[in-house]
Amino acid sequence: MMPGGGRCAACKYLRRRCPSDCIFSHYFPANDPQRFVCVHKIYGASNVAKMLQQLPANLQAEAADSLSFEARHRVEDPVYGCVGIIHRLHEQIHNAETQLARTQAQLSVFISTRID
Amino acid sequence: MASSSSYNSPCAACKFLRRKCMSGCVFAPYFPPEEPQKFANVHKIFGASNVTKLLNELLPHQREDAVNSLAYEAEARVRDPVYGCVGAISFLQRQVQRLQKELDAANADLIRFACNEIPTALPVPSGVSSIQPMLPRQRPLEFTRRINEGEGLYQPPAYSHPYISPWSDIPSGGFNDGGGEGKNM
C-alpha cells in the first residue's frame with residue numbers, strides 16, 4: 001500500500017486491493033503507471049514478484065529499475081530489446097579501438113621521426 | 001533455424017513443458033532439443049505464454065532474432081538477478097567512456113607533435129609533410145550521448161551492500177553468438 005492509503009500502480013492495474021506488504025508498492029508507484037504496464041507485458045506480474053522476492057530487500061529497488069528498463073526497451077523494440085543497445089555499444093567500442101590504434105600508429109611515426 | 005517437431009524429437013520447450021510437440025509448434029523452430037537451457041532460462045524469466053504472445057506480435061522473419069535476444073536477456077538475468085543485461089550496458093558504456101578519453105589524449109598528443117613538426121620559418125623536410133595528422137575526434141561515440149539523453153544512461157548507484165556484479169568481462173560480438181548452453185555473453 002502506498003503512503004496515504006492509495007493503491008500502487010501494480011494493484012491498480014491488476015484491479016485488486018493493495019495489501020500493506022505488497023511487493024510492488026515500493027517500486028511501482030501510482031504516479032508512473034506505464035512502468036508497471038511494461039514489466040507486466042514482458043515478464044508478467046507473478047514473475048516480477050518472484051524475481052524481487054528472491055533478492056535481499058536492499059537490492060530490490062535496483063532490480064525493479066533494471067527490469068523496468070529492459071521491459072521498456074523491449075516494448076519499444078520488440079525484436080532486439082536492450083540487446084540492440086549492447087550490439088551498438090560493441091560497434092562503438094570496435095570503432096573507437098580502431099581509431100585509437102590508427103592514432104597511436106601515427107604518433108609512433110612522429111616519435112620515431114623525432115628520435116631519428 | 002532448427003525444426004524439431006518431428007515424431008522422435010520434441011523441441012526443448014515441449015520437453016520442458018512435458019507436452020506433445022505438434023507440427024506447427026511456435027517454439028520448435030527456435031528452441032532445438034540440443035539447447036535445453038535456452039528455453040529453461042526464457043521460461044524462468046519471461047514465461048512461456050509471454051514469449052508466445054511476443055512472438056505472435058512479430059513477423060515470421062523477425063522471430064529468430066527476437067528469440068535469441070530474449071534468450072540473451074534471460075541468461076543475463078539468471079546470471080545477474082539484480083541488473084540482468086543492464087549490467088552489461090553499464091560496463092560497456094564505461095568502456096566507451098574510457099576509450100574516448102584515451103582517444104582524446106592520443107589526438108591531443110598527435111596535434112602537439114604535428115604542430116611541432118611544422119616550424120614557422122624553416123622549410124619542411126621531405127618525408128614528414130606527407131604524413132597527415134588525424135582530425136581530432138571524428139565523433140565515433142555520438143551514440144553514447146543518444147543513450148545518455150534519449151535512451152537513459154543506466155547507472156547503478158554505489159551500494160553499501162557488497163553486491164559484486166558478474167560483468168567483469170564481456171566478450172565482444174552480438175547476441176547472435178549467444179543462445180547456446182554455457183555460451184559466454
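This report describes salt bridges in a predicted model.

## Basis of the values

Because the model is predicted, local features need pLDDT of at least 70 and side-chain atom pairs count only at pLDDT 80 or more, while totals for chains, interfaces and linings use all residues. Residues are numbered from 1 along each chain as its sequence is written, chains are lettered from A in the order in which they are written, and side-chain values use heavy atoms, with hydrogens and water left out.

## Salt bridges between chains

Taking a salt bridge as a side-chain nitrogen of Lys or Arg within 4 Å of a carboxyl oxygen of Asp or Glu, the count over all chains is 7. One of them pairs Arg74(A) with Glu73(B), whose closest N and O atoms are 2.9 Å apart. Arg74(A) belongs to helix α4 (residues 57-76) of chain A and Glu73(B) to helix α4 of chain B, so this pair joins two chains; helices here are DSSP runs of H or I with at least four residues, numbered from the N terminus. Both Arg74(A) and Glu73(B) are buried, meaning under 20% relative accessible area, where exposed is over 50% and partly exposed lies in between (1.4 Å probe, protein chains only).

Lys41(A) and Glu57(B) form another salt bridge, with 3.5 Å between the closest N and O atoms. Lys41(A) lies in helix α2 (residues 33-42) of chain A, and Glu57(B) in the loop between α3 (48-56) and α4 (60-79) of chain B, so this pair also joins two chains. Lys41(A) is partly exposed at 38% relative accessibility, whereas Glu57(B) is exposed at 53%.

## A salt bridge within chain B

Arg98(B) and Glu102(B) meet through their side chains in a salt bridge of 2.7 Å, N to O. The two residues are 4 apart in helix α5 (residues 85-117) of chain B, which means that about one helical turn separates them. Arg98(B) is partly exposed at 40% relative accessibility, and Glu102(B) is partly exposed at 32%.
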